[in-house]
Amino acid sequence: MRAMRNLVVALRDPTSVVALNGEEWSALIAVARAEVLLGTLAHRVAGQLLPPEVEALLNAARIAADHAQVQALWEAEMCASALAPLGVRFVLLKGTAYAAAGLPNADGRQIGDLDILVPRERLDEVEAALRGAGWEWVKDDLYDQGYYRTHMHELPPLIHGTRDRMIDVHHTILPLTARVRPDAAAMVADAIPASEPPFVSSEVETPIGSAPTSAPLDCARGKRDSRQYTLSPTDMVCHCAAHMMADGDLAGGLRNLWDMHCLLSEFDDGGDDFWPVVQARASHHGLWSAMHCAARLAHELYGTAIPDSWRIRGNSDFLFLRCLMARDDWGRETRPLTRLAFYIRSHMLRMPPLMLIRHLWTKWRAR
């Protein structure tokens, strides 16, 4: 677990890496790659005195992450073009939202799928528009289609036929069968226009409808479609907590927790009203427990500044920390029983026991 501790310390204090030897660097890179934090680590330690081979590897990671962000922002533009005739407000979520808003946790963050949130009453129109613009179903199994449409918080995932980029269209942020039911309508209503992030350089000619092959993030800014929004700061923090604590098995937990650390640190202006507003908004969405736990864990690992009243450790915090840090110095998963327990927990949070049994039985028979 030494490499995992070194990763947390490096993100918290980049100067710590100058004391690492070759073996420790190999282990640090292995766990950072496994946790999808290599690009983030590369950005954090930029400017430190590093071994030449490490500097070369991390520079490649920075370039790859920056290119992935350009592709993600381009895909958001393509989505905006497809939905433009509808005049629908759509909200960018997760990595693309962080990049569009220019938030610090976007630095080096590897972005995969495009996640958007739309009003539920416009879902059929959005689906038809995306299908008409070249997106196709990833899952065409009748059971999967029915399960997503009846019980989940999103449409079945779509992938573009030529760009090979996936999009997840959400109408809320947690499954409809989950115990917690956040107010998705309020999230959409209170969303704010996306900023004008670094986008495609004027020197790079990119055919409409295809992803750019290369473009640095410090290139000329491009005007973003006015229908693109991001969640409000408080809702963005709430969604981060929900995604980490109430809708998963902590896979990628260190990265999600880094998001939480960066968001809280960025939005806290030092005034007296920020934390009560966050608590009130999380309570409104039914996410106060998830928010409180995520903030405590971020404080524990990354030193996030939170109020004293938020620092009282919960009885299960040690189990979350045990799961978050469960990798050896080769980046391999360890503590299988702990991981299994969190895997079971994630399914129990998503649906009632009888529904869970039927769902697992159906999926097992299909395989």
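What share of the 367 residues of the protein count as buried? In this predicted model, the figure is 53%. The protein has 15 helices and seven strands. It exposes about 16800 Å². Carbon and sulfur atoms supply 54% of that area. Contacts between residues at least 6 apart in sequence were also examined. Of these, 69% join residues at least 24 apart.

The strands come first. Seven strands form an open sheet with mixed pairing. Their order is β3-β4-β5-β2-β1-β7-β6. Strands β3 (135–137) and β6 (192–193) stand at the edges. Each has a single partner strand, so one side of each is left without a neighbour in the sheet. Strands of a sheet pair through backbone hydrogen bonds, in either a parallel or an antiparallel sense. Strand β4 (residues 158–160) and strand β5 (residues 166–170) are paired in the antiparallel sense, over two bridges. Within β4 and β5, Ile 159 stands opposite Met 166.

Helix α6 (residues 123–132) lies across β3, β4 and β5. Helix α6 runs at about 110° to β3.

How many of the eight residues of α5 are buried? Six are, and the helix is mostly covered. The buried residues are Gly 95, Thr 96, Ala 97, Tyr 98, Ala 99 and Ala 100. Their cover includes the strands β1, β2 and β7. It also includes the helices α4 (52–83), α9 (233–245) and α10 (253–267). Gly 102 follows α5 and has a positive phi, near 65°.

Tyr 302 belongs to helix α12 (residues 288–302). Is Tyr 302 buried or exposed? Its relative accessibility is 3%, so Tyr 302 counts as buried. Its contacts, leaving aside neighbours within four places in sequence, are Val 8, Leu 11, Arg 12, Leu 254, Leu 257, Trp 258 and His 261. Val 8 lies 294 residues from Tyr 302 along the chain.

Arg 327 counts as buried, at 10% relative accessibility. Glu 35 is buried too, with a relative accessible area of 4%.

Arg 62 forms a salt bridge with Glu 55. The closest N and O atoms of this pair are 2.8 Å apart. Arg 62 is buried, at a relative accessible area of 12%. Glu 55 has a relative accessible area of 28% and is partly exposed. A further salt bridge joins Arg 339 and Glu 333, at 3.7 Å from N to O. Why does Arg 339 count as buried? Its relative accessibility is 18%, and buried means under 20%. Glu 333 counts as exposed, because its relative accessibility is 54% and the exposed class begins over 50%. Salt bridges that share partners also join Arg 2, Glu 23 and Asp 329 into one network.

The surface carries a nonpolar patch. Which residues form this patch? They are Leu 337, Leu 340, Tyr 343, Ile 344 and Met 348. Together they have about 510 Å² of accessible area. Met 348 is placed in helix α14. Met 348 counts as partly exposed, at 39% relative accessibility.

Technical notes: Residues numbered from 1 in each chain as written. Predicted model: local features only at pLDDT ≥ 70, side-chain atom pairs only at ≥ 80, totals over all residues. Heavy atoms only, no water. Buried < 20%, exposed > 50% of the residue type's maximum accessible area, 1.4 Å probe, protein only. Salt bridge = Lys/Arg side-chain N within 4 Å of Asp/Glu carboxyl O. Pairing = 2+ DSSP bridges. Helix = DSSP H or I, 4+ residues; strand = E, 2+ residues; numbered from the N terminus. Contact = heavy atoms within 4.5 Å. Axes fitted to C-alpha atoms, helices over the stretch in contact; angles between N-to-C directions. Areas by Shrake-Rupley, 256 points an atom, 1.4 Å probe, with all protein chains shown as cover. Patch = residues over 30% accessible without salt bridge, like charges linked within 9 Å, V, L, I, M, F, W, Y side chains within 5 Å.
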